[in-house]
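Hi there,

Here is the structure I promised to pass on. Could you load it first and then read my notes below?

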Amino acid sequence: MTESAVDRVIRARSWLEALGTLLQRMVGGVYGGLRGPGRFLKDVAHGTRPLGHPLHPALTDVPLGAWFVAVVADIVALLDHAVPTQAGDLALTVGLVTGLAALITGLTDHHETYGHELAVATAHGLLMVLVMALMFVSLLLRWFAGLDLHGLAVALAVAGLLLALGAAYLGGHLSFGLGTMVNRNAFTEGPEEYVPVGAPGDFAEGQLRAVSAGGVPVLVVRRNGRLQAISDTCSHAGGPLHEGELRGDEVICPWHGSRFCVRDGSVRGGPATFAQPVFEVRERAGTVEVRRARTLA
Ligand code: FES
């Protein structure tokens, strides 16, 4: 596959990955230091709960929209005074406050990226920090220099908005180009009819076992003598769940520690935000068989 110019430029800057790793240690340290509450806050920031959907992309629309309104209001105020200059100031402030929330959720998602994805996420984050700094200076000028430097304040807001569009492009590239935080099971279907995946003796009590059901990787677990099956591909970033750990009715992903219920595929802990598809599994005539569940969890 031919790499895009943006990817080439970012890949050539190896310091981005190094800086990203440093940031990840800091973010991990903050959440880890908070222990139980830290895990809860991290799940909230990822969107694992209560939203059940990635939070960061939903939040970023608010500051971008507010800054766009601010720039339009500023220009209208400058040209014919049809709106008061305070309109732009207010929209800029709304953008900064909500931008802070977007920054926190973005840093949280950034914490579980690696390699080139980490470098792109770091570039995206750095640009957004620069945007926030420009908007903040613009706001300070409005508060403390009044109308004397209003033109400069507006120019900074315009520069910030243009830079934000570039940063937003990188954010979109992360999701749509590199698959960050997308549901890795979005296209998982599996066989409509039961297919054999092994003999009952292949599935020991409490053991995580990966099988292929019509080409779909499925995790089969025997608990209390009963077989249960969910997709083996972690919805967060594709980690192989059978290489993880089984604790009670939860399987813990080996890559970033997402926790899923093996009975119904529900997410018990992030960074994953999407449930695992569930499969029906039965033992018949000395064979274990699997098919896609009639209703997905
Ligand atoms: S791949 Fe990230 S938690 Fe499973």
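Strand β2 (residues 208–213) pairs with β3 in the antiparallel sense over six bridges. Strands are DSSP runs of E with at least two residues, helices are runs of H or I with at least four, and both are numbered from the N terminus; two strands pair if DSSP finds at least two bridges between them.

Before going further, please keep in mind that this is a predicted model: local features need pLDDT of at least 70, side-chain atom pairs count only at pLDDT 80 or more, and totals for chains, interfaces and linings use all residues. Residues are numbered from 1 along each chain as its sequence is written.

Back to the strands. On its other pairing, β3 meets strand β4 (residues 226–231), again antiparallel and over six bridges. Leu219 of β3 is the bridge partner of Ala210, and Leu219 also has Ile230 in β4 as a bridge partner. The hairpin of β2 and β3 has two residues between the strands, and Gly214 there takes a positive phi near 60°. The hairpin of β3 and β4 likewise has two residues between its strands, with Asn224 in the turn at a positive phi of about 50°.

How much of β3 is buried? Six of the eight residues in β3 (216–223) are, where buried means 20 or more other C-beta atoms within 10 Å of a residue's own, exposed means 12 or fewer, and partly exposed lies in between, with C-beta atoms placed from the backbone. Val221 sits in this strand and is buried, because 24 other C-beta atoms lie within 10 Å. Leaving aside residues up to four places away in sequence, Val221 touches Leu208, Gln228, Leu246 and Val262; a contact requires C-beta atoms, placed from the backbone, within 7 Å.

Helix α2 (residues 15–33) has 19 residues and reaches 27 Å from first to last C-alpha, close to the expected 27 Å. That expected span is 1.5 Å times one less than the number of residues. Leu16, Glu17 and Gly20 of α2 are buried. They are on the same side of the helix because they cover an arc of only 85° around the axis, the arc being that of the directions from the helix axis to the C-beta atoms. Elements covering these buried residues include α1 (5–11), α5 (85–110) and α6 (115–144). The face turned away from the buried side carries exposed residues, among them Trp15, Arg25 and Met26.

Thr21 is also in α2, and counts as partly exposed because it has 13 C-beta neighbours inside 10 Å. After α2 comes Arg35, with a positive phi near 55°.

For α6, the 30 residues should span 44 Å, and the end C-alpha atoms are 43 Å apart, which agrees. Gly146 follows α6 and has a positive phi near 60°.

**The two domains**

The protein chain is divided into domain 1 (5–177) and domain 2 (195–292), with bounds from an automatic or database domain assignment. Their C-alpha centres lie 38 Å apart. Ten residues of domain 1 contact eight residues of domain 2. What is the makeup of the domain 1 side that touches domain 2? That side has one nonpolar, five polar and four charged residues; Ala, Val, Leu, Ile, Met, Phe, Trp, Tyr, Cys and Pro count as nonpolar, Asp, Glu, Lys and Arg as charged, and the others, Gly among them, as polar.

Best wishes

Methods
Two residues are in contact if their C-beta atoms, placed from the backbone, lie within 7 Å.
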